[in-house]
Every structure is written in structure tokens, then in C-alpha cells.
Amino acid sequence: MTTTTTISDPDVLSAPRPVWGGLEWLVTACVIILPMLRASIFREVHVSISAYYILLSGSLLIVLLRGMKQLRFQLLLSALVICAFLSIVFNDIPAYFHAEQRLIGWILVLGLCSCWLKNDYCRQFRARLCRGYDTVLMIVVIASCIGHFSKLTPQLFEAQANGLFSQPMLLGPIASIASLLFLHRFVTAGSRHRLWWGAGLLAACLMVLLASSRGALFSLLVAMCFYLLIQFGVRKAIFYVLLLVGLAVATSSYWEGYTEGLQKKFDDGIERSGSLFDSRQQKWELRLEEIRERPVFGYGFTAVSADSFFWLDDELAGVEPGSSWLFVPSSLGIPAGILFIVFMMLPFIRFFRHKARDGVIVLRIAILLFFCGHLCIEGYILSAGSPLCILFWLYTSQVYDFWHMRSKAPAENRALLPDSASAFAPVPAREGV
């Protein structure tokens with residue numbers, strides 16, 4: 001007798017899983033390799049912004065052609081895109097901000113990496129893409145550690161490591177995400193492999209220290225404490241935290257020298273203004289002033305006031321927002337800022353209301369919590385050319401996609417969830433019994 005599995009929700013694949021062919025592999029490789037190359041120290045392999053956008057456009061076109069069935073749009077992100085469009089329409093934005101081109105690039109990133117596009121094919125694509133990034137980030141951070149201590153990679157900034165990246169402010173958050181990935185592997189691995197994952201965790205945390213990114217370090221500590229608290233409960237979490245603090249104090253003579261960059265930043269900030277984050281305080285004040293001046297539509301997509309940008313070249317202005325939480329309402333308007341806050345808070349509300357908290361969703365929520373902290377001092381979520389923009393939208397999408405794929409998707413789709421042995425392992429075909 002043969003039985004057929006039926007799915008009541010029309011948004012999931014009750015039909016057989018689409019074949020993951022060469023085009024999907026090509027798109028996955030493209031979306032992973034291109035941003036990492038643009039952020040790397042290997043300037044010989046230069047990818048222009050035009051070529052980058054063209055390749056992202058082709059990748060999104062392939063995803064859309066392969067996954068048009070039952071395609072829907074996420075409501076909050078759709079409203080955010082509309083706010084971005086209106087911010088350009090109702091503002092006279094100087095040409096050197098290239099707002100229209102940057103908006104197109106951001107929409108490409110949303111289509112490929114965020115939860116904006118909703119159907120089972122897109123969720124599968126994002127799950128595989130995320131697992132690919134998981135692996136690449138861990139490898140790149142370990143390679144950065146080896147390259148730094150072996151002097152194979154140049155140190156471009158005094159007292160700050162950059163590893164394989166063009167600047168420490170990229171290494172810091174990427175090494176922090178890798179630290180959370182290694183921590184999860186260490187906690188969930190068997191005793192035979194735990195030593196290797198622990199070594200990877202130590203190497204990644206060391207690179208966070210060497211990058212001297214205060215925001216990345218503080219956000220990582222909060223995310224790690226959250227992960228341990230949810231995984232082990234209050235008593236065990238406190239025990240592990242105290243154990244780690246004790247080990248850190250006992251071995252401080254070995255690693256204290258690696259905090260030279262952090263100590264220099266702290267000392268300089270206190271000397272200049274008495275603040276640990278004085279380099280960001282002025283940018284926060286400028287963003288708040290911009291919000292007060294143009295509360296409805298902001299200054300325009302990725303645009304700022306005349307006092308807030310610097311020249312990259314004669315035709316292109318650069319912007320250092322200082323905080324994504326403030327940059328969204330200052331450039332897109334307060335309605336967009338409210339939408340973004342709701343979008344970021346919903347996963348936490350659902351997480352704490354959800355009874356089943358297995359390791360993978362705890363990991364993804366911990367990464368999202370890291371971003372919540374790091375976004376206070378960095379503003380990359382609208383910058384399609386930055387790998388951090390792609391990582392933010394991709395890891396956020398995994399939290400939104402998780403409950404849907406876990407609870408409603410057919411059993412074979414669960415192999416694509418981040419706690420599976422490999423995102424690139426063959427997924428069994430549907431069988432009748």
C-alpha cells in the first residue's frame with residue numbers, strides 16, 4: 001500500500017523538492033565569493049562595483065526563474081523597500097551619493113539573501129547559502145589567524161590585525177560570527193571532535209581581540225552569554241561563564257599583549273572626551289539631528305547632510321553612518337526606522353514564546369543578537385557592497401525561515417536546516433511506504 005504525504009499549507013513544497021543543479025551551485029558560489037573578494041587584501045583580484053552588481057543581478061534572475069512558483073513577499077521588508085523608494089522620490093539627493101544605483105544593489109541583496117522573497121525554493125536556496133557562509137567564515141578566520149602569526153598577510157593598520165581582510169573593522173565582526181559558530185560546534189560535537197572545535201573557538205576569539213573592534217567584542221560577549229544561558233540554563237551558564245573568566249584571568253599574562261589595540265582605543269577616547277565611544281558619539285549626534293530635520297522621508301537612501309560625508313573620489317561620496325539603528329530613520333525616515341525595529345524584534349518575541357528551543361535556533365538568535373549590538377556602532381545594512389550587509393540579511397532570514405522549514409516543510413527539507421551534518425549533503429528523495 002502506498003501513502004502520500006500531504007501538506008496543508010500551500011506555501012511549502014508538497015511537490016518533490018526541486019533539483020539542486022549546476023546553476024544553483026554557480027549562484028551560491030557567486031554570492032559567497034564576490035563579496036569576500038571585494039573585502040579581501042587581494043587587490044590583484046579586483047571586482048568593480050559594476051561587475052559586482054551585474055553578477056548579483058544575474059544570480060537573482062536565476063533564482064527568480066527557478067523559483068517563481070507561489071512566490072510571495074515579506075510584508076515588513078516590502079514596506080521598507082517602499083520607504084527607500086519614496087526617500088529618493090521626495091528628496092533632491094546630490095548625484096555623488098549615487099542613491100539610485102545603491103538602492104538597486106540593496107534590492108538585489110534583499111532578493112538573494114533576506115526573507116523578502118517567500119516560497120520553499122527561496123528558503124532552500126538561503127539555507128544552503130547560509131551553510132556555505134558558515135563554512136567559509138570559519139575557514140577564512142582560521143586562515144587569517146595563521147596568516148597573521150606567520151606574517152604571511154600584511155598588517156595594514158598599527159596595533160590592529162586585519163587578517164585576510166582589507167581592514168580590521170571587517171575582521172572583527174566576521175571573526176565574532178565565526179566564534180559563535182565554533183562555540184555551537186564545540187557544545188554540540190562529540191568528545192572526539194570537541195578539541196578541534198575548541199581550538200577554532202580560541203583562534204576566532206583571539207582574532208576578535210587583535211582586530212580591536214570594541215563594538216564587535218562587546219556584542220560577541222553578550223551573544224555568547226545568551227547562547228550559554230539558553231542552552232544550559234541559569235546555573236550551568238553562570239558556572240561556565242565564571243569558569244571562562246577564571247581561565248582568562250589565570251592566563252592573562254599570555255594574551256594581555258594582544259589587547260594593545262583595544263587599550264589604545266580606550267585610552268585615546270577617555271583622553272579626548274572621557275568616553276569609551278567618542279569616535280561614534282559625533283556620528284550619533286549628526287544622525288539624530290538629521291532625523292529631527294527630515295523626519296518623514298529622511299535625507300534619501302544612503303544620503304546624509306553636508307557635514308557627514310567624505311570623498312572617495314571626485315564623483316563618489318562615502319558615508320560612515322555610525323549606527324544602523326539611527327541611519328535607517330535618518331536616511332529613509334522615521335516610518336522606515338519603526339519598520340526596521342519591528343522587523344528586528346519579531347524574531348525575539350517569537351523565540352521567547354516558542355517552547356522548542358533546539359541548538360540551531362539558539363545559535364541563529366545569538367547571531368542576530370550580536371548584530372543588534374554591533375549595529376549600534378556600525379551602519380552597513382543598506383550598503384550592498386559590504387559583505388557585512390549580505391551576512392546581516394542572510395543570518396536574519398534564517399531566523400525567519402527556521403520555524404517555517406522546521407514545522408511545516410517535508411522531512412527531506414529539514415536536511416537543509418543549519419543543524420544538519422552538511423548543507424551540501426544529498427537530500428533523500430520522497431518515498432512512498
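Among contacts in the protein between residues at least 6 apart in sequence, what percentage join residues at least 24 apart? The share is 76%, where contact means heavy atoms within 4.5 Å. The model is predicted: local features need pLDDT of at least 70, side-chain atom pairs count only at pLDDT 80 or more, and totals for chains, interfaces and linings use all residues. Residues are numbered from 1 along each chain as its sequence is written, and side-chain values use heavy atoms, with hydrogens and water left out.

The secondary structure comprises 15 helices and four strands. These are DSSP runs, numbered from the N terminus (helices: H or I, at least four residues; strands: E, at least two). The protein has 433 residues, and 52% of them count as buried. Buried means under 20% relative accessible area, exposed over 50%, and partly exposed in between (1.4 Å probe, protein chains only).

The largest nonpolar core holds 122 residues. A nonpolar core is a set of buried Ala, Val, Leu, Ile, Met, Phe, Trp, Tyr and Cys residues joined through side-chain atoms within 4.5 Å. W106, Y133, W393 and Y395 touch the most other members. Beyond residues up to four places away in sequence, Y395 touches C130, Y133, D134, L137, I177, L181, R364, I367 and F371. C130 is buried, at 0% relative accessible area. The closest cysteine sulfur to that of C130 belongs to C113, 9.7 Å away, too far for a bond. A disulfide is a pair of cysteine sulfur atoms within 2.5 Å. The count by this rule is zero. C83 is also a buried cysteine, with a relative accessible area of 15%.

Helix α14 (residues 359–374) includes H374. H374 is buried, with a relative accessible area of 1%. Neighbours within four places in sequence aside, H374 contacts P173, S213, G215, A216, S219 and Y380.

Nine salt bridges are found in the whole structure. A salt bridge is a side-chain nitrogen of Lys or Arg within 4 Å of a carboxyl oxygen of Asp or Glu. One of them joins E24 and R66 (2.6 Å, N to O). E24 lies in helix α1 (residues 22–38) and R66 in helix α2 (residues 49–66), 42 residues apart. E24 is buried at 2% relative accessibility, whereas R66 is partly exposed at 40%.

D401 and R126 form another salt bridge (2.9 Å, N to O). This pair links helix α15 (residues 387–407), which holds D401, to helix α5 (residues 120–149), which holds R126, across 275 residues. D401 and R126 are both buried.

E378 and R280 also meet in a salt bridge (2.7 Å, N to O). E378 sits in the loop between α14 and α15 and R280 in helix α11 (residues 278–293), so the pair ties together parts 98 residues apart in sequence. E378 is buried at 14% relative accessibility, and R280 is buried at 11%. Shared partners join R123, R126 and D401 into one salt-bridge network.

On the surface, I334, I338, I341, V342, M345, L346 and I349 form a nonpolar patch with about 550 Å² of accessible area together. Patches are made of residues with over 30% relative accessible area and no salt bridge; like charges are joined within 9 Å, and nonpolar side chains (Val, Leu, Ile, Met, Phe, Trp, Tyr) within 5 Å. L346 lies in helix α13 (residues 334–353). L346 is partly exposed, at 37% relative accessibility.

Notes: Accessible areas come from the Shrake-Rupley method with a 1.4 Å probe; for residues, only the protein chains shown count as cover.
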